[in-house]
Amino acid sequence: MSPITRYFLYVTLLLPFLGHAENGSQLWLRYVPVEKSVVNKRTIDLRATHAMAQLAQKELENYWAGQSVVLKLDKKLTRLKEGYVIKGNISRIELVAAEPVGLLYGAYHLLRLQEMGEDINHLQVEEIPDYDIRILNHWDNLDRTVERGYAGYSLWKWEELPHQLSPRYEQYARANASIGINATVLNNVNASPEILTSHYIVKVKALADVFRKYGIRVYLSANFSSPALLDGLADSDPSRKEVQDWWNTKVKEIYQHIPDFGGFLVKANSEGQPGPQDYGRTHADGANMLADALKPYGGVVMWRAFVYNPSEEDRAKQAYQEFVPLDGEFRDNVIIQIKNGPIDFQPREPFTPLFGAMQHTAQMIEFQITQEYLGFSNHLAYLAPLFKETLDADTYSAGEGSTVARVTDGSIWRHKKTAISAVANIGEDTNWTGHHFGQANWYAFGRLAWNHALSSEEIAREWIHMTFTGDADFVKPIQQMMIDSREAVVDYMMPLGLHHIFAFDHHYGPEPWGDRKGGRPDWMPWYYHNADTAGLGFDRTTTGSNAVSQYSEPLRSIFNTIETCPENLLLWFHHVPWTHSMKSGRTLWDELCFHYDRGVQEVRGFQKIWDKLEPYVDEQRFSEVQSKLKVQAKDAVWWKDACLLYFQTFSNMPIPYEIERPIHELKDLKKIKLNMKHHN
Ligand code: GCV
């Protein structure tokens, strides 16, 4: 760039930022208050009295610079659910909803159009959410640490509640409402029983009272042993009347304080958590006991399918084996919450075969927004493509077109309530998510929970416009960088279907050699990659663990056959010879090297894109993202060198000469032990 062009860019683009430092605290809600002259010219006319409708009116009064708007409620339009209709012409817009919260969502829709500079003179919009419950899961502990949280301590200041209310509670609720999220689980699924004490219930109530104004319902993670742990019952066996009574009384107490309480999320008999199996009962017995207690109040149980035990059986098969036999045994207010992939939020997994395999049981997805396995809040990884990959995956469970989205959103099998969830990446950090681009993943989850047909590109475009600028010279390259970023992480961490070769426990860096004495085999990298001199990968074919059998045809055969298995999942399903010829004509070994190298080169490319766009970004956010990209670039090289040098000890083949040479020694990399505490 010539000095003159640079000067010009600085004057036109940077000057507006002077005195207007940005730290990311406003998220995508950087609306500018409308000027008095505009206010005098237009009216925001509300034909309803509900507090949420008034809030919708207020948001438009403050920030809507366009023509007059009329907001109306029409209870007859039940097909809209929490959605809305917007019709508009040059002088007047009509926003109609069946529920007050629909008016609020409609108001944010209008503001989004305004921020994006869309034509607002000929509006014909009808929006109906794809899922009834669009919920965030916080893995926040009561001591304010956050399990797998990388954005500081928990937002919930339990010691100050219920008397003091941090302004961030309302900001949090508003941000969620602006993208259609209508529910939140406040505490970690590894749940402290304390959350159900009367002491905490009044604190939860204080939060629920703030969130309600924005249409958000509160849910809690419940520890299955609460009756025994809190009140000294002999046990927490769901078949015992005393235990059932305990839950009935507890639920009644909660609803006395929080009349719209959503229900419980439960992690039972998983990774050491208590559950009904402790008493020889099934997951259905446990879930149904809680469902019965919640039923009179309209509450829901979200019962997690993330269950596995160290055994001879492939971990990837266990959720299906546990739950499919129970199909039809769950109450209608139980929803089985299933992680997108069968292992654990890896950079890439196939969808969990349980989706679509239980036709008489409501199912919901659990995504992970927090980047436990994708570089924490240090790496830029835009996750909409990952979410879409699962949502759009065809399960074939009810014939072609039975995508994961359709088997969970009620369009194939009707269930009482539909839901979608994701583990939040939100903490006390000023910018909420640690990495400024982490905000995009919170945003993307909300938008997809509302409409799973939206494209990753479209969501990125909206977010960039609102979070940074709508200048096409900025939007285009940043959008492309975001779209490419998830695959870059897959490339430099775990390409071709590799999975779970992370360092033990904290899951940040590479440790394909990892083998902790006394540790569970199903937590060890070798369990997953199976590298030997013959090849690499987990054999899940019919002659291996036979996990392929849990998928419907034609997927089962496609995955089972090395020639038809998608290459990006090859090492997930097959143990592949190092010299196997890939579609590119390269050997498996060369292809692996090529992917690792490509990942590194992509991140270097992101650095270049970002640095070049400095004139478009305020100083603070520019330099913070720039620093994170440096960390990411270093980490990418670390990953590449660690994995290639280690796997090379099995392949005994040279790293192709055209790719970047390793800069580390394997023995040095093996010594790295990061002191990262994982709060359980
Ligand atoms: C909340 C993984 C994570 C755990 C998490 C667990 C779960 O194993 O590493 O931190 O615990 O998943 O989803 O229950």
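Between domain 1 and domain 3 of this predicted model, the count is 1 salt bridge. Its partners are the side chains of Arg-621 and Glu-22, with 3.4 Å from N to O. The pair qualifies because a salt bridge requires a side-chain nitrogen of Lys or Arg within 4 Å of a carboxyl oxygen of Asp or Glu. On the side of domain 1 that touches domain 3, the residues comprise 1 nonpolar, 2 polar and 2 charged. The interface of these two domains also holds 1 residue pair in polar contact, with both residues at pLDDT 80 or more.

| Domain | Residues |
|---|---|
| domain 1 | 17-127 |
| domain 2 | 133-453 |
| domain 3 | 490-538 + 575-669 |

Taken over C-alpha atoms, the centres of domain 1 and domain 3 lie 46 Å apart. Contact between them involves 5 residues of domain 1 and 5 residues of domain 3. The area buried between domain 1 and domain 3 is about 450 Å², and 53% of that area is on carbon and sulfur atoms.

A helix pair can be described as well. Two packed helices are characterised by the angle between their axes and the distance between the axes. Helix α15 spans residues 472-493 and helix α20 spans residues 619-651. Their axes come within 8 Å and cross at roughly 35°. From α15, the contact is made by Val-489, Tyr-492 and Met-493. From α20, Gln-632, Ala-636, Trp-639, Lys-640 and Cys-643 take part. By residue class, the contact of α15 with α20 consists of 6 nonpolar, 1 polar and 1 charged.

Key:
Residues are numbered from 1 along each chain as its sequence is written. This is a predicted model: local features need pLDDT of at least 70, side-chain atom pairs count only at pLDDT 80 or more; totals for chains, interfaces and linings use all residues. Side-chain values use heavy atoms; hydrogens and water are left out. Axes are lines fitted to C-alpha atoms, for helices over the stretch in contact, and angles run from 0 to 180 degrees between N-to-C directions. Helices (H or I, at least four residues) and strands (E, at least two) are DSSP runs, numbered from the N terminus. Contact means heavy atoms within 4.5 Å. Ala, Val, Leu, Ile, Met, Phe, Trp, Tyr, Cys and Pro count as nonpolar, Asp, Glu, Lys and Arg as charged, and the others, Gly among them, as polar. Domain bounds come from an automatic or database domain assignment. Buried area is the accessible area (1.4 Å probe) that two parts lose on being put together, summed over both. A polar contact is a pair of N or O atoms within 3.5 Å; within protein, one must be able to donate a hydrogen and the other to accept it, and residues adjacent in sequence count only if both atoms are side-chain atoms.
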